[in-house]
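Colleague: I'd like to go through this one with you, piece by piece. Could you put it up on the screen?

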Number of protein chains: 2
Amino acid sequence: MTTTHPMHTTDALDTAFSRLQNDTFMRACLRHATPYTPLWLMRQAGRYLPEYRATRAKAGSFMGLATNRDYATEVTLQPLERYPLDAAILFSDILTVPDAMGLGLSFALGEGPRFAHPLRDEAAVNQLEVPDMEKLRYVFDAVSSIRKALTQADGKSRVPLIGFSGSPWTLACYMVEGAGSDDYRLVKTMLYSRPDLMHRILAINADSVAAYLNAQIDAGAQAVMVFDSWGGVLADGAFQTFSLAYTARVLSQLKRQGPQGQAIARIVFTKGGGPWLQEMGSLDCDVLGLDWTVNLGAARAAVGGVANGPGKALQGNIDPNVLFAPPAHIAAEVARVLDSFGTPHKGPGLGPTHIFNLGHGISQHTPPEHVAALVEAVHGHSRSMRA
Amino acid sequence: MTTTHPMHTTDALDTAFSRLQNDTFMRACLRHATPYTPLWLMRQAGRYLPEYRATRAKAGSFMGLATNRDYATEVTLQPLERYPLDAAILFSDILTVPDAMGLGLSFALGEGPRFAHPLRDEAAVNQLEVPDMEKLRYVFDAVSSIRKALTQADGKSRVPLIGFSGSPWTLACYMVEGAGSDDYRLVKTMLYSRPDLMHRILAINADSVAAYLNAQIDAGAQAVMVFDSWGGVLADGAFQTFSLAYTARVLSQLKRQGPQGQAIARIVFTKGGGPWLQEMGSLDCDVLGLDWTVNLGAARAAVGGVANGPGKALQGNIDPNVLFAPPAHIAAEVARVLDSFGTPHKGPGLGPTHIFNLGHGISQHTPPEHVAALVEAVHGHSRSMRA
């Protein structure tokens, strides 16, 4: 490969690809041609799998599961045993960082996450600091353990492992609200009334997330993803100031290469970020994740780039609810999504590429056999598109 | 006024404007110049007002309030007594139509709406019919009563009255789910598994909504608005097929003129509809409502039209959470939103116009004096923009 990549050296790319048995995800992230469209699923290790529920029952609680290296390794690999997925993603939670800041994360049964000490006043905000990364050692240990479990007899990794974190804004939502929210009233009241406090939280979150993702890279993560799950609740203008700018601050601090000198793929996903796609195209990352409201063809035209141009790979974006339909309907919707992107770059060199995914996390009510139908349809149809 | 309006005759426009004391809302809807930017607020008659809570307490329940002509009139006028708003909106609920279809609407205290008989199988869908509009007489009686209460000594209406309905898709969401939903799993399972059933529901909903809005027009509503509150949860492709097409079916059946031959303004609001703004620009309506994620300047460029062109007036779109900030911050955000649209059409003839509104309903937690600050800022800043 002699093409110059705008973000990665040829050596770093070769190292990234050559150490993988299945390099389709990594190649597509870095805008190189692949024989089919790779896929993984947000929340692919989760409650829809009976084997996950069994491990969780052993662990006793969600945090018991997430903080135990062996359990986290076990559940991360479960979906790969069932389906020929093209990437693994660390089993963890997006809220580990604020927990390490001392906010006290817990998961009540049947409810979402909750913080014992939300940020509700200036004093609490002033006390906030970038946490000691040692408090997150359990995450980095899980990354190393998963990488080991993915290593094959030939020394190559079966598929790449994606590390992740919540975005500075998404973390701030939970940190101020203390839990999930319908209206984001508390965090937006702070944003509109005391933007100085909000900027302080976001700056600390950005520096914390960067350190956290860099430590995941050092531990072996081959790609990292920033989940801006709540970016889409912001108003135009506020999104750019309070979410996008701090995602950019994270990206500016991220390591470009892992411990073997391999290129690291950097993914940003903003749920509801469709209105700002053009502006997200300027982020210093390799891949943009898209939810199901976005037309992939339009997104490719806007930010997908041409051969050797500074475009982004696109990841997404089928509605997870499609998985409740019968397999024939799933296959038809998969084809519609793949066709909306169009035939990806067939190379050599760089060009528009697509990583198939859901537009959001998989539902706990999904029949596991429907996931098999989805994976088969993605691999099958995307091979035929390239023929 | 000698300009030809693409949708309304000169006579119908003159009749619409001349029968109003304050015609700014109606003029802006129909893309005529106004001395300032008119405003009203989604859910302006509501729980944030102590006088509303007092009337609701008298009525005993939400449906007791909505189905009583005198109470509905009383609460519709309450925000106009406090603030110099430029339009009134009928106090009612978006779910009256499925209730009239026999689904059994109720509002449990502290919870959202609930249907006793949701549509869960083919038999239930097959039994669905356009309801007898006599079952919705209480709504039309409220419209007549409110119009009477708004009529001044000179025979003119103080401000115009907006009638409304949920969109066919938004009604279908509640009709299938039976209540609000986090994931729209049931309605999307039907959509992806049995699109034939979904199309049957939507066709009946569209014809019902059209008959319902036409009866509101006959009863005196000077503008009608279709609330597609849940259009934004649909995937690209599904939105066009299952929401937009049926909103278009409603619009194609709507009366263009009221009983006095006056032009009726037709507004469509899709929460989360930003990704499909261009396609919504082809709808046969006068105004598009926008939520706060949309940049008004970009929307104006996309669908606002030029002088005498087939553009849309735009309505929106400040984040309701801005109202939790102090008045000086509210004024700054109001100016930002008005400036993002830019100076509206000042001409004779037709051109880009803006109706200020929230991007979604006002929160029950809003301090009423903050609404006064918002209204003053909108009127003041928008006058200065035209100077």
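Modeller: Copies are superposed by least squares on the C-alpha atoms of residues with pLDDT of at least 70 in both. Bear in mind that this is a predicted model: local features need pLDDT of at least 70, side-chain atom pairs count only at pLDDT 80 or more, and totals for chains, interfaces and linings use all residues. Residues are numbered from 1 along each chain as its sequence is written, while chains are lettered from A and ligands numbered from 1 in the order in which they are written.

Colleague: Which rotation superposes chain A on chain B?

Modeller: The superposition has an RMSD of 0.1 Å, with 0.0 Å of shift along the axis. The two copies are thus related as by a two-fold rotation axis. In chain A, A:Pro275 has the C-alpha nearest that axis, 3.1 Å away. The rotation you asked for is 180°.

Colleague: What percentage of the interface residues of chain A are also interface residues in chain B?

Modeller: Contact here is a C-beta criterion: two residues touch if those atoms, placed from the backbone, lie within 7 Å. Chain A puts 29 residues into the contact and chain B 29 residues. The copies meet through the same surface, because the shared percentage is 100%.

Colleague: Which helix of chain A gives the largest share of the side that touches chain B?

Modeller: Helices (H or I, at least four residues) and strands (E, at least two) are DSSP runs, numbered from the N terminus. With the contact at 29 residues from each of chain A and chain B, helix 10 (185–193) and helix 15 (327–341) of chain A each supply at least two residues of that side. The largest share, five residues, comes from helix 10 of chain A.

Colleague: What radius of gyration does chain A have?

Modeller: The radius is taken over C-alpha atoms, and the globule rule is 2.2 Å times the number of residues to the power 0.38. For 387 residues that rule puts a compact globule near 21 Å, and chain A agrees with it. The C-alpha atoms fill a box of roughly 60 × 45 × 40 Å along the principal axes. The radius of gyration of chain A is 20 Å.

Colleague: In what order do the seven strands of the open sheet in chain A run?

Modeller: Chain A has 16 helices and nine strands. Two strands pair if DSSP finds at least two bridges between them, and in this sheet the pairing is parallel. Strand 1 (88–89) and strand 9 (354–358) of chain A are the edge strands, each pairing on one side only. The order is 1-4-5-6-7-8-9.

Colleague: How many residues of strand 6 of chain A are buried?

Modeller: Buried means 20 or more other C-beta atoms within 10 Å of the residue's own, exposed means 12 or fewer, and partly exposed is in between, with C-beta atoms placed from the backbone. A:Ala265, A:Ile267 and A:Phe269 point one way, and A:Arg266, A:Val268 and A:Thr270 the other way, all of them buried. Strand 6 (residues 265–270) of chain A is therefore largely enclosed by the rest of the structure, with the buried count at six of the six.

Colleague: Which residue stands opposite A:Thr270?

Modeller: Strand 5 (residues 223–228) and strand 6 of chain A pair in the parallel sense over six bridges. One facing pair is A:Val224 and A:Arg266. Opposite A:Thr270 stands A:Asp228.

Colleague: Over in chain B, which residue follows helix 6?

Modeller: Helix 6 (residues 96–103) of chain B is mostly covered, with seven of its eight residues buried. Those include B:Pro98, B:Asp99 and B:Met101, and the cover includes strand 4, helix 8 (137–150) and helix 11 (195–219) of chain B. The residue after helix 6 of chain B has a positive phi, near 75°, and is B:Gly104.

Colleague: Is B:Glu81 buried or exposed?

Modeller: B:Glu81 is found in helix 5 (residues 69–82) of chain B. Its C-alpha and that of B:Gly166, 85 residues apart along the chain, are separated by 27 Å. B:Glu81 has 9 other C-beta atoms within 10 Å, so it is exposed.
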